[in-house]
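Please read it alongside the coordinates.

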Amino acid sequence: MKTSKPQFLLAAPSSGSGKTTVSRGLMALLTARGMAVQPYKCGPDYIDTKMHGDVCGRPSVNLDTFMASHEHVEQLYLSHAIDADVCVVEGMMGLFDGYRRDRGSSAEVAKLLDLPVVLVVDARSAAYSMKALLSGFLHFDSKVRIVGVIFNKVGSPKHFSLLREVCDELGVECFGCLPKTTALEQESRYLGLDFSRKTDTDMLVSILDEHVDWKRLLDATTCKLEEYSDHGRKNQNQGRVIAVARNAESFSFLYQEHLERLAEMGEVVSFDPEKNEIFPDTTSLLYLPGGYPEKHLEILSKADRTRNAIRSYVGKGGRVLAECGGMMYLCETIAGDGGIFDMVGVLPYHITARKADRKLSLGYRQCLFRGQSLRGHEFHYTHFSDPQPQTLVQVYDARMKPVDSPFVGCGNVLASYTHLYWGEIDIDRLFEDSRHGNPSVTII
């Protein structure tokens with residue numbers, strides 16, 4: 001039986017319009033009013049999902065139509081929406097910006113899930129010109145239902161009155177605004193508001209409560225939720241133990257779906273390399289996610305118990321899946337501005353994280369490995385020092401252009417700079433020879 005509840009996607013004409021501030025603020029406000037708010041994030045972002053979880057008290061889920069099939073994205077959305085009072089999806093970049101025109105965009109997610117869109121618009125230094133901008137977005141794609149607008153950085157009540165007139169002429173709801181204030185501008189200089197401090201959250205909630213008609217927004221975005229079916233997802237738990245490195249910074253880039261997949265496979269045990277912790281001897285899979293190990297090189301280098309435990313585990317043929325920061329940690333050394341620090345040393349490579357050596361590698365990645373199509377996202381400034389490693393397989397970007405992004409292996413260790421999305425893949429097959437079904441023993 002279908003149910004109805006408020007559910008909407010917050011989007012913007014471009015990055016920097018304020019959708020992240022509005023998204024987090026609304027999530028915090030609705031949660032403070034006693035609602036169970038299920039947060040989502042379009043795209044591969046890790047930072048925003050962590051902030052969502054902090055203000056909502058429940059994990060935020062990534063919805064990405066490049067890394068996952070439409071069917072999988074739809075099931076992800078529905079499975080987490082079923083017990084929520086309201087669902088809030090934060091878009092990415094501009095509404096129609098994707099990896100290929102509008103493919104993979106927030107608009108594609110909105111159409112796939114039939115979600116109404118609330119547009120967050122930076123209204124600085126503009127009034128009636130907003131009509132041209134909004135008219136373009138309202139009529140660009142008739143399948144995208146833009147139900148209303150929230151204006152950001154509004155200079156005065158008179159300015160807001162002019163903007164409301166624009167919405168009236170276009171026949172689109174104006175749900176309110178965020179006034180241009182020194183407090184918000186000062187706190188937004190680095191990665192948006194610092195929601196780790198309760199005072200910032202309270203301030204934003206107070207501003208939104210006063211200037212945004214959130215009750216009318218909820219009424220305007222209430223629509224039917226499709227029935228959820230798990231399509232027979234199987235619990236593969238065979239008494240296995242999966243160890244996951246977890247830390248606030250060094251190993252923090254985790255998709256919620258990954259944790260749920262691992263929990264289906266066995267008992268998930270977390271350990272913190274920065275605290276020199278070790279994992280059970282019975283571990284059947286070690287997962288080292290990405291993060292910022294380059295910020296904590298001395299601590300990680302001194303954590304001998306953890307490093308020795310990983311080396312021993314790998315030496316016995318243990319399976320390891322390492323991504324970006326996790327891969328860096330497995331290398332021989334990482335060079336930072338404070339010196340060169342020894343890491344685990346099971347991958348015979350060296351990483352430089354020096355400021356002078358930094359270069360940005362960014363974008364979607366894909367490859368075919370052992371009969372499976374692997375997709376993910378890459379974002380880092382560090383890189384391999386010479387000599388460069390060989391790759392097990394050619395990696396491509398979203399447009400199928402070859403990229404220099406090694407996918408490396410050593411024994412039963414698989415590692416790359418790409419944060420893979422494995423919500424739909426068979427993890428065990430990654431470690432098997434596709435011809436014989438045997439564990440991988442490839443060493444490069």
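This is a predicted model: local features need pLDDT of at least 70, side-chain atom pairs count only at pLDDT 80 or more; totals for chains, interfaces and linings use all residues.

Residues are numbered from 1 along each chain as its sequence is written, and side-chain values use heavy atoms, with hydrogens and water left out.

Six strands build an open sheet with mixed pairing, in the order 10-9-11-12-22-21. Helices (H or I, at least four residues) and strands (E, at least two) are DSSP runs, numbered from the N terminus. Two strands pair if DSSP finds at least two bridges between them. Strand 10 (266-271) and strand 21 (407-410) are the edge strands, and each pairs on one side only. From one strand to the next, the twist averages 15 degrees.

Strand 9 (residues 240-245) runs parallel to strand 10, and six bridges link them. Isoleucine 242 has valine 268 in strand 10 as its bridge partner.

Two helices lie across strands of this sheet. Helix 10 (residues 256-265) covers strand 9, strand 10 and strand 11 (283-288), at about 125 degrees to strand 10. Helix 12 (residues 304-315) lies across strand 10, strand 11, strand 12 (320-323) and strand 22 (413-416), at about 125 degrees to strand 11. Contact means heavy atoms within 4.5 Å. Axes are lines fitted to C-alpha atoms, for helices over the stretch in contact, and angles run from 0 to 180 degrees between N-to-C directions.

Strand 15 (residues 347-352) and strand 18 run antiparallel and are joined by two bridges. Isoleucine 351 sits opposite phenylalanine 384 in strand 18.

**Helix pairs**

Two packed helices are described by the angle between their axes and the distance between the axes.

| Helix pair | Axis distance | Crossing angle |
|---|---|---|
| Helix 1 (residues 19-32) and helix 2 (residues 47-56) | within 8 Å | roughly 20 degrees |
| Helix 5 (residues 130-140) and helix 6 (residues 157-170) | within 10 Å | roughly 40 degrees |

Angles under 35 degrees count as roughly parallel, over 145 as roughly antiparallel, 65 to 115 as roughly perpendicular and the rest as oblique.

The axes of helix 1 and helix 2 cross at roughly 20 degrees. That makes helix 1 roughly parallel to helix 2. Helix 1 contributes Thr20, Arg24, Met27, Ala28 and Thr31 to the contact, and helix 2 contributes Asp48, Met51, His52, Val55 and Cys56. By class, this contact has five nonpolar, three polar and two charged residues. Ala, Val, Leu, Ile, Met, Phe, Trp, Tyr, Cys and Pro count as nonpolar, Asp, Glu, Lys and Arg as charged, and the others, Gly among them, as polar.

For helix 5 and helix 6, the crossing angle is roughly 40 degrees. That makes helix 5 oblique to helix 6. The contact of helix 5 with helix 6 has seven nonpolar, one polar and two charged residues.

**Aromatic pair**

The structure holds 18 aromatic pairs. Rings of Phe, Tyr and Trp (its six-membered ring) pair if their centres lie within 6.5 Å; planes under 30 degrees apart count as stacked, over 60 as edge-to-face and the rest as tilted. Tyrosine 46 and phenylalanine 253 are stacked, 4.8 Å centre to centre with 10 degrees between the planes. Tyrosine 46 is in the loop between strand 2 (37-42) and helix 2, and phenylalanine 253 in the loop between strand 9 and helix 10, so the pair ties together parts 207 residues apart in sequence.
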